[in-house]
Amino acid sequence: MTKAPAPASRIVPLEAFLELPSHARLLGLDLGSKTIGLALSDVNRQIASPLETIQRVKFGIDAAALLKICDKHQIAGLVVGLPLNMDGTEGPRVQSTRAFVRSLAPLTPLPIVLQDERMSTLAVTRTLLDADASRAKRAAVVDKMAAAYILQSALDRLERMLPPDEGELGG
């Protein structure tokens, strides 16, 4: 009988996603205290699109909803936004995110990457303001759009790691 990898080993550097099967989607997460914004990559892992927002209840229910979405979309890996302070230090929100990831890791075989999310909500809010979105509209979409911003930044970094002849744009 093969032993499953230790949950801590599921938290991997982004480079580990280069080993994932081709045409497998990634799911981006923006963890908030009240909601979890979700974004989905295309099968070529080039474009992140907002997917939905999960209203947080308690960890077990939140994790079950998240894993159901992972199964539905055949997710190969998770990109979780890490809310570092602007100076790069870790505050209470980072500790909360790390605790969520530590609790989630034993429940799934999926590899998890922590992606710096500084400026994601601000950038998305500015985009929505520029588009003249109402306060209600902004509130309804900001979390899943922030998740898309987080996932897209990871996808862009991943693309830069590919050898020139393997990238979608490179040939």
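Me: At what angle do α1 and α2 pack, and how far apart are their axes?
Reply: In this predicted model, two packed helices can be described by the angle between their axes and the distance between the axes. For α1 and α2, the axes lie 11 Å apart and the packing angle is about 65 degrees. Because angles of 65 to 115 degrees count as roughly perpendicular, that makes α1 roughly perpendicular to α2.

Me: What span does α2 reach from its first C-alpha to its last?
Reply: Helix α2 runs over residues 92-104 and has 13 residues. At 1.5 Å a residue, the expected span is 18 Å, and the helix comes close to that expectation. From first C-alpha to last, α2 reaches 18 Å.

Me: Which residues of α2 are buried, and why do they lie on the same side of the helix?
Reply: The buried residues of α2 are Val-94, Thr-97, Phe-100, Val-101 and Leu-104. They share one side of α2 because the arc they cover around the axis is only 125 degrees. The face turned away from this buried side carries the exposed residues Pro-92 and Arg-102. The buried set asked for is thus Val-94, Thr-97, Phe-100, Val-101 and Leu-104, and the reason is an arc of only 125 degrees.

Me: What covers the buried residues of α2?
Reply: The cover includes one helix, α1 (59-72), whose residues Phe-59, Ala-63, Leu-66 and Leu-67 meet α2. Strands also contribute to the cover, and those included are β1 (25-31), β2 (35-41), β4 (75-82) and β5 (112-116).

Me: Is Pro-21 buried or exposed?
Reply: Pro-21 is found in the segment before β1, and its C-alpha atom is separated by 7.7 Å from that of Ala-76, a residue 55 positions away along the chain. Its relative accessibility is 54%, and because the cut-off for exposed is over 50%, Pro-21 counts as exposed.

Technical notes: Residues numbered from 1 in each chain as written. Predicted model: local features only at pLDDT ≥ 70, side-chain atom pairs only at ≥ 80, totals over all residues. Heavy atoms only, no water. Helix = DSSP H or I, 4+ residues; strand = E, 2+ residues; numbered from the N terminus. Expected span 1.5 Å × (residues − 1). Buried < 20%, exposed > 50% of the residue type's maximum accessible area, 1.4 Å probe, protein only. Arc of directions from axis to C-beta. Contact = heavy atoms within 4.5 Å. Axes fitted to C-alpha atoms, helices over the stretch in contact; angles between N-to-C directions. Parallel < 35°, antiparallel > 145°, perpendicular 65-115°, else oblique.
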